[in-house]
Amino acid sequence: MMQTSWNTSSMLCTVLQLLGLTITTLAHSHSQCKSTPESHNWPSSHEWNRLNNSISGRLLQPSPPGAVCHPSQPTYDPSLCPSVAVGWNTSKWQSDDPISSMANNFNNDSCLPDPNVPCSGEGYPVYVVNATCADDVKKGVDFARRHNIRLVIKGTGHDYLGRSIAPNSLSIWTHHISGLSFQDGFQPKGCKFSIDGAAVTAAAGTQMLEIDYEAHLKNLTIVGGGAGTVGVGGYLTGGGHSAFSSTYGLAADQVLEMEIVTPGGEILTINECQNTDLFWATRGGGGSTFGVITSVTFKAYPSMPIITATGLLVTSPGSDAFWDVFAKVLSRYPAWDDQGIMNYGFVARNFSGQFGLTDAVDAYVATFIMPVLHPENTTDSITAAISNVFDEATAGAPIEFQRAVLPQTYPDFWAWYNVSNGPLDAGYDQYLGSRLLDENALTHNLTALAEAFRAATPLGSITSVFLVGGHGVINAKPRGGSNAVNSAWRKAYVHSVIGVSWDPFDEAEKAKQTDLLNNVYIEALRKLAPDMGAYVNEAYTYEPNFQQTFWGTNYPRLLEIKRNVDPHDVFWCHPCVGNERWKEVDSMLCKV
């Protein structure tokens, strides 16, 4: 490794310090930054009132939701505090609040529902457009553009990267843009043809639990998110994996048409016949970047029975042999995909407390799902497929394993989803990291595979190994020929996710866990699959070289479209396409 001399290093530090001073000075001068309430160009109360009147009184200036627990706050209400403290820990409660988010760290722990910690609104948007239609969204976008205000978009707040919340901002909340309809065949606007098959049109505020239920009533199935509070906007713009992505492709691959509000305030219908660049970019290019989705139409499929199976391989913790066995199981993922089987799998390292694991163990735990698309898809076939892999993997192992394969049949996806989609946790301080893995990473070198996952799995925790790629994603045929989904998805079988967490205000532990996540856990998977990437909706917020990691070969075209449609960066988020011209400094967004 090249060593830098003391003098050169000192000079470099001086330059960096001067650069930081320059950026901070620019930030405080406001001349190169988005306006804030302290800026001379922040809109007057009269101008905010005019915006409020133009959207029928739906402009909100909400206090931090945790403020009801703090005697120093105007909204203090000790009778409400207990219910807020309980609701805080669920994504459903967070999605129903106009400014709250799943992870506390993205609002800097600035007002937790705990009277013993500080509370301020500094981590939250200042105003919220409570939109109920595309015209409300347009008025909010126009106002932010005219007044140079930082703009954020919140649908449900089901956001692991913090893109839906920002200080000193105007937020557009799409939660109450409602509407859901089903069609048998669909003709995109401006096209001279119709697309056969069932289609669903969902407004921006529609969540997966509602869509799945209504689809079930019509004997249909969708490629939808795994959590009920997932909304259509952020999910589809990121790509969207699903229990059915191994069968039909990603959620972005199902999209037939969208209505969006652009950074210039236009309300556009985008599809394969008109506004084709935006149609390509918005399906996989990331949310809060090219416009605000107000509705989307996508494919649906006939319902079918599904067979699930719980698979368990459990042993005492601490043995090297466990990782060899696990690697053999993981290497068979492409074969399971060939048999029409997906899974939500996890590897646990000296772990207890979930999946019925009462004692600390090393384990592989998975829920397998097989749509009954062919007569040969039976409980016997899924049981044999899993058991055979477990037999092969453990044959000759020097340690003992407890194992189980427990199949169950459901009449349709909803019957399983309704009982399996438990409340999703929220109200934590957390970062995620992830990597997509192709067949080469899974099968070429099992020793390297075992070592990578041993390094990537924190002691006392779990790492996911979801079989949500495979043939359905690799062979998908999106409308218009292609979309902006990360090119790595088109080779991937596994989406692997690691999470780290810490207590609020514990900066030392946050720094430690963040370092482990980036430089140990994710790095082990980056080295295992250096030519792959990661799924932008479930990834590390500060992923190095995020442009390549999240969009691969699609990034240059995405950047060109971003510059064309949003030359003044009305929309900005991180990590998002085209955000290189701005930097967050002292709670402000400033030009670099």
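This is a predicted model: local features need pLDDT of at least 70, side-chain atom pairs count only at pLDDT 80 or more; totals for chains, interfaces and linings use all residues.

I began with Asp586, which is found in the loop between β19 and β20 (588–591). Asp586 is not a glycine, yet I read a positive phi of about 50° for it. Is Asp586 buried, partly exposed or exposed? Its relative accessible area is 48%, and exposed would need over 50%, so I put Asp586 down as partly exposed.

Next I went to Phe505, in the loop between β18 (492–501) and α17 (507–528). Phe505 also has a positive phi, near 70°, and is a residue other than glycine. Its relative accessibility is 39%, so I noted Phe505 as partly exposed.

Then I checked for a cis peptide bond and wrote one down: the bond from His574 to Pro575, with omega near 0°. Where does Pro575 sit? I found Pro575 in the loop between α19 (555–565) and β19 (582–585).

**The five-stranded sheet**

I traced an open sheet of 5 strands with antiparallel pairing, in the order β5-β6-β10-β8-β9. Which strands stand at the edges? They are β5 (180–186) and β9 (267–270); each has a single partner strand, so one side of each is left without a neighbour in the sheet. On average, and ignoring direction, neighbouring strands here are turned by 15° against each other.

β5 pairs with β6 (residues 195–203) in the antiparallel sense, over 6 bridges. For a landmark on screen, I picked Phe182, whose bridge partner in β6 is Val200.

Two helices went into my notes alongside the sheet. Helix α5 (residues 134–147) packs on the sheet and touches β8 (255–261), β9 and β10. The direction of α5 makes about 50° with that of β8. Helix α6 (residues 208–217) lies across β5, β6 and β10, and runs at about 55° to β5.

**Cavities**

How many cavities of 30 Å³ or more does the structure hold? I noted 3 of them. The largest cavity contains about 60 Å³ of space. Its lining is made up of Met208, Ile222, Val223, Val232, Tyr235, Leu236, Ala251, Gln254, Phe298 and Lys299. Two elements give two or more residues to this lining, α7 (232–238) and β10 (292–299). The largest share, 3 residues, comes from α7. By residue class, I have the lining of the largest cavity as 8 nonpolar, 1 polar and 1 charged.

**The second largest pocket**

My last stop was the second largest pocket, with a volume of about 490 Å³. It is lined by 25 residues, and the closest to its centre are Asn105, Phe106, Asn108, Tyr542 and Glu584. Which elements give two or more residues to the lining of this pocket? I wrote down β3 (150–154) and β19. The lining of the second largest pocket divides into 12 nonpolar, 8 polar and 5 charged residues.

One link to keep for myself: β19 contributes to the lining of this pocket, and the loop with Asp586 lies between β19 and β20. The loop with Pro575 lies between α19 and β19.

Notes: Residues are numbered from 1 along each chain as its sequence is written. Side-chain values use heavy atoms; hydrogens and water are left out. On a 1 Å grid over the protein atoms alone, a cavity is a set of points where a 1.4 Å probe fits but cannot get out, and a pocket is an open set with protein on both sides within 12 Å along at least five of seven lines; lining residues have an atom within 4 Å of a point. Grid points are joined across faces, edges and corners, and a volume is the space filled by probe spheres set on the points. Helices (H or I, at least four residues) and strands (E, at least two) are DSSP runs, numbered from the N terminus. Ala, Val, Leu, Ile, Met, Phe, Trp, Tyr, Cys and Pro count as nonpolar, Asp, Glu, Lys and Arg as charged, and the others, Gly among them, as polar. Buried means under 20% relative accessible area, exposed over 50%, partly exposed in between (1.4 Å probe, protein chains only). Two strands pair if DSSP finds at least two bridges between them. Axes are lines fitted to C-alpha atoms, for helices over the stretch in contact, and angles run from 0 to 180 degrees between N-to-C directions. Contact means heavy atoms within 4.5 Å.
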